[in-house]
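My entries follow in the order I took them.

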Amino acid sequence: MRKVMSAATAFATAATALVAMSGAAQAGDDTVYGCRSGNVCIWAQGVEPFNDPHPTVQYSSYGYHNLRNQYGEHAVLNNQYGGATAHLCHNYGGTNCPEILLQDDWAYENLTPINSITLDRP
């Protein structure tokens, strides 16, 4: 019973943190866990943004951005505004982009096959 309660508590804590992150981004705050308003941010591999609010990369200009040395699972946040989107792309140069992040979207992504990110005007 103690293990079940411990697991339930851990799940509830994680769910609360995820809701808090989503709510903070949607509220229009300037910065969300270190990610400035208008940016798309990536945290270090395996880092939870609510535990370490220091993204390792922040992109702020529209267009494509080639990734370097990004492997494994990372938290990615589209903290842009005005309906701007971001795409995760398999190729360099912002092509072959099957995944989209809408405004205020969080994702935990395996960035090993991702070679660029685009920031797209609304």
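I count a disulfide when two cysteine sulfur atoms lie within 2.5 Å. The model is predicted, so I took local features only at pLDDT of at least 70 and side-chain atom pairs only at pLDDT 80 or more, while totals for chains, interfaces and linings use all residues. Residues are numbered from 1 along each chain as its sequence is written, and side-chain values use heavy atoms, with hydrogens and water left out.

**Entry 1. Disulfides.** How many disulfides does the rule give? I get two. One joins C35 to C41, with an S to S distance of 2.0 Å. I read 85° about its S-S bond, and the link of C35 and C41 is right-handed. The other joins C89 to C97, S to S 2.0 Å. Here I read 95° about the S-S bond, again a right-handed link. With the bonded cysteines numbered in sequence order, I note the pairing as 1-2, 3-4.

Next I checked burial. I call a residue buried under 20% relative accessible area, exposed over 50% and partly exposed in between, using a 1.4 Å probe and protein chains only. C35 and C41 are both buried. C89 is buried because its relative accessibility is 0%. C97 has 25%, so I list C97 as partly exposed.

**Entry 2. The sheet.** Strands are DSSP runs of E with at least two residues, numbered from the N terminus. Two strands pair if DSSP finds at least two bridges between them. I find four strands in an open sheet, ordered β5-β10-β7-β8, with antiparallel pairing. The edge strands are β5 (63-66) and β8 (99-101), each pairing on one side only. The twist averages 25° from one strand to the next; I took angles from 0 to 180 degrees between N-to-C directions, along axes fitted to C-alpha atoms. Five bridges join β7 to β10 (residues 116-120). I looked up H87, and its bridge partner in β10 is T118.

**Entry 3. Positive phi.** Most residues other than glycine have a negative phi. I noted N96, which is not a glycine and has a positive phi of about 60°. N96 sits in the loop between β7 and β8. I list N96 as partly exposed because its relative accessibility is 46%. D104 is not a glycine either, and its phi is positive at about 70°. D104 lies in the loop between β8 and β9 (106-110). Its relative accessible area is 13%, so D104 is buried.

**Entry 4. Q80.** Q80 is in the loop between β6 (73-79) and β7 (85-89). Is Q80 buried or exposed? Q80 is buried, because its relative accessible area is 4%. I then looked for polar contacts: N or O pairs within 3.5 Å, one able to donate a hydrogen and the other to accept it, with sequence-adjacent residues counted only if both atoms are side-chain atoms. The Q80 side chain makes one with the side chain of N78 at 3.0 Å. A polar atom of the Q80 side chain also lies 3.0 Å from the backbone oxygen of T85. For contacts I used heavy atoms within 4.5 Å. Beyond four places in sequence, Q80 touches residues including G38, Y62, Q103, D104 and L119.

**Entry 5. V47.** V47 is in the loop between β3 (39-42) and β4 (57-59). Which residues is V47 in contact with, neighbours within four places left aside? I find D52 and A75. V47 and A75 are 28 residues apart along the chain, and their C-alpha atoms are separated by 7.3 Å.
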